[in-house]
Amino acid sequence: MINSQYLSSEVLNNITSYLKKSSSIQLQEILTQEIYQKLLNNLSKLKLKREYIPNSHSYSSLEFKDNELISLLTEFISKLLNKKVKLISSKLYSFAHKDYTLLQDDISEEKGITAILELTPDWNLESNGYTSFMIKDEELIRINPSHNTLSIIKTTKKMQSFVKYINHYSKDKKRLFIELK
């Protein structure tokens with residue numbers, strides 16, 4: 001299910017070395033095309049729940065329960081980090097025009113790993129909708145929607161994250177991603 005380009009020992013070692021020095025990495029075309037399309041087809045049948053609290057967030061989501069994919073990604077990330085990683089929550093998110101999350105002083109990331117599997121097939125970057133990880137007023141990491149991309153972020157308790165307001169350039173397109181923590 002993981003694209004074979006990421007399974008060679010040389011590539012795995014290069015990614016592991018990079019992650020030792022950096023707090024994040026993005027791996028494009030992470031799933032085989034067949035698995036990626038199958039996942040998109042399965043997700044299109046799900047009914048996500050609308051969540052709206054004006055001073056906090058606006059999006060649709062659903063607990064993600066594909067244990068096979070969760071296990072696969074967890075094992076892959078563990079291999080990259082050379083340590084056992086336990087991702088205890090997984091959620092599917094959909095963001096459309098006018099959706100967002102806001103930074104809040106009382107909410108921060110946990111120390112650990114956050115993985116974002118981006119499933120958005122085609123995204124206009126002018127639409128915004130990216131995820132930012134911040135410490136104080138400094139943006140450390142920006143994740144732009146890019147189909148079939150796995151972003152791995154080493155998080156700390158000093159970090160916060162948000163999804164930038166999606167503007168009218170998105171038209172009828174939605175950003176779709178799975179977040180594992």
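Let's start with helix α1, whose buried residues pack against β1 (24-28), α3 (67-81) and β9 (149-155). Here, helices (H or I, at least four residues) and strands (E, at least two) are DSSP runs, numbered from the N terminus; contact means heavy atoms within 4.5 Å. Keep in mind that this is a predicted model: local features need pLDDT of at least 70, side-chain atom pairs count only at pLDDT 80 or more, and totals for chains, interfaces and linings use all residues. Residues are numbered from 1 along each chain as its sequence is written, and side-chain values use heavy atoms, with hydrogens and water left out.

So which residues of α1 are buried? They are Leu12, Ile15, Thr16 and Leu19, where buried means under 20% relative accessible area, exposed over 50%, and partly exposed in between (1.4 Å probe, protein chains only). Looking down the axis of α1, you'd find its buried residues within an arc of 100°, so they line one face of the helix; the arc is that of the directions from the helix axis to the C-beta atoms. Glu10, Lys20 and Lys21, on the other side of α1, are exposed.

Now for the interior. In soluble globular proteins, nonpolar side chains tend to be buried together. A nonpolar core is a set of buried Ala, Val, Leu, Ile, Met, Phe, Trp, Tyr and Cys residues joined through side-chain atoms within 4.5 Å. The largest one here has 35 residues, and Leu117, Leu119 and Ile178 have the most contacts inside it. With seven residues, α3 gives the most to this core. Leu117 touches, among others, Ile30, Leu73 and Ile178, leaving aside residues up to four places away in sequence.

Strand β11 (175-180) is next. Both of its faces are covered: Arg175, Phe177 and Glu179 are buried on one side, and Leu176, Ile178 and Leu180 on the other. β11 pairs with β4 (residues 90-95) in the antiparallel sense over six bridges, and β6 and β11 pair antiparallel over four. Two strands pair if DSSP finds at least two bridges between them. Leu180 in β11 is the bridge partner of Ser90 and also of Ala115.

Finally, find the open sheet of three strands, ordered β8-β7-β10 with antiparallel pairing. What do its edges look like? β8 (138-143) and β10 (159-163) each have a single partner strand, so one side of each is left without a neighbour in the sheet. Five bridges join β7 (residues 131-135) to β8, and Ser132 stands opposite Arg142 in β8.
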